[in-house]
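Visitor: I'm new to this one and would like a close look at a single part. Could you pick a spot on the inside and show me what surrounds it?

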Amino acid sequence: AKYVYKDLLDRQIRVTKISGYLIVAFFGVVYLVAKYGFNVSGPLLTITGLFVLSCLVSLLAYEWHKKAYITYQLLIFMSYLVVIALAYFTGGISSPSIFILTLCPLAAFSTSKKQGILWSVITLLTVFILMLIRNHLPDPKDTLNSQEARQMFSFVALVFVLTLGILIAFLVNRSTFEVHRAHDRDSKELQSKSLRLENLVTLLNYSNDLMCIVDQNSFTIDDLNPVFKILVGFELSEVRGQNLMKF
């Protein structure tokens, strides 16, 4: 029901789509390399594959239903769930994947203050809960069965956080810059129009001739100079909004 700023909405949709396709591409590459390059199998690979497929379907579905809010909610909620699943199998609070959670508030604040606060609270509560149940989670050695695998998992999580964080920050910064530039341009244009209007008012009020401002379409009077009162006897309040031909 609120007024929608079209330019702002377009920028938010662009950030959502670019971030979403980056997520799909990144985890898609990780999935293919892990499965066919290193012959990895197990729950982590299944979770990653399902996540990539779900995100891709959600992004493609947007082109059909054109409801960006639904796409955004699906992407951020699925990202949250997959991070929790990865953390569950790889050490909980000590898992490198837990740092991916920091992207949720960052992505949410790029859409609205309300969403940012909501996902900040969700992220903090999740961290505290994982801390409380850390002793009841599976041993990461059961999933990442070698030191090399654990190091590779940490590297992938770190690269993903850095890449997506930098991208979102860049897109938001560019959008902010564009808003400021447009505002500055509009302000200068408004100042120029105000100056021209002041000159017009000065010309109107200090002229010794009968001068008035008339709407071109309706031919109604918008303004008169004081000479009308002196020479003709009409006050502005008497004639404003009335058709010029009446007089």
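Guide: Let's begin with a word we'll need: a residue counts as buried when its relative accessible area is under 20%. Keep in mind, too, that what you see is a predicted model.

Our spot is G20, which sits in helix 1. Its relative accessible area is 1%, so G20 is buried. Who does it touch? Leaving out residues up to four places away in sequence, G20 touches L59 and L75. For a sense of distance, take R134: it lies 114 residues from G20 in sequence, and the two C-alpha atoms are 30 Å apart in space.

Now widen the view to the helix around our spot. Helix 1 packs with helix 2 at an angle of about 150 degrees, and their axes are 9 Å apart. The cut-off for roughly antiparallel is over 145 degrees, so helix 1 is roughly antiparallel to helix 2. The crossing of this pair is left-handed. On the helix 1 side, the residues making the contact include G20, Y21, V24 and F27, while helix 2 brings, among others, F51, V52, C55 and L59. Sorted by kind, the residues of this contact come to 15 nonpolar, 5 polar and 3 charged.

Two of those names, F27 and F51, turn up again in the largest nonpolar core. That core has 38 residues, and the ones touching the most other members are F27, F51, I100, W119, F160 and L164. Helices 1, 2, 3, 4, 5 and 6 each give two or more residues to this core, with helix 3 giving the most, 9 residues. Another name on that list, I100, is in contact with V83, A157, F160 and V161, once its neighbours within four places in sequence are set aside.

Helix 3 also has a packing partner to show you. Helix 3 and helix 5 pack at an angle of about 15 degrees, their axes 12 Å apart. Roughly parallel covers angles under 35 degrees, so helix 3 is roughly parallel to helix 5. Their crossing is right-handed. In this contact, Y69, Y72, Q73, I76, F77, Y80 and I84 of helix 3 meet Q115, W119, I122 and T126 of helix 5. Those residues divide into 8 nonpolar, 3 polar and no charged.

Technical notes
Residues are numbered from 1 along each chain as its sequence is written. This is a predicted model: local features need pLDDT of at least 70, side-chain atom pairs count only at pLDDT 80 or more; totals for chains, interfaces and linings use all residues. Side-chain values use heavy atoms; hydrogens and water are left out. A nonpolar core is a set of buried Ala, Val, Leu, Ile, Met, Phe, Trp, Tyr and Cys residues joined through side-chain atoms within 4.5 Å. Buried means under 20% relative accessible area, exposed over 50%, partly exposed in between (1.4 Å probe, protein chains only). Helices (H or I, at least four residues) and strands (E, at least two) are DSSP runs, numbered from the N terminus. Contact means heavy atoms within 4.5 Å. Axes are lines fitted to C-alpha atoms, for helices over the stretch in contact, and angles run from 0 to 180 degrees between N-to-C directions. Angles under 35 degrees count as roughly parallel, over 145 as roughly antiparallel, 65 to 115 as roughly perpendicular and the rest as oblique. A crossing is left-handed if the near helix is turned anticlockwise from the far one by less than a right angle, and right-handed if clockwise. Ala, Val, Leu, Ile, Met, Phe, Trp, Tyr, Cys and Pro count as nonpolar, Asp, Glu, Lys and Arg as charged, and the others, Gly among them, as polar.
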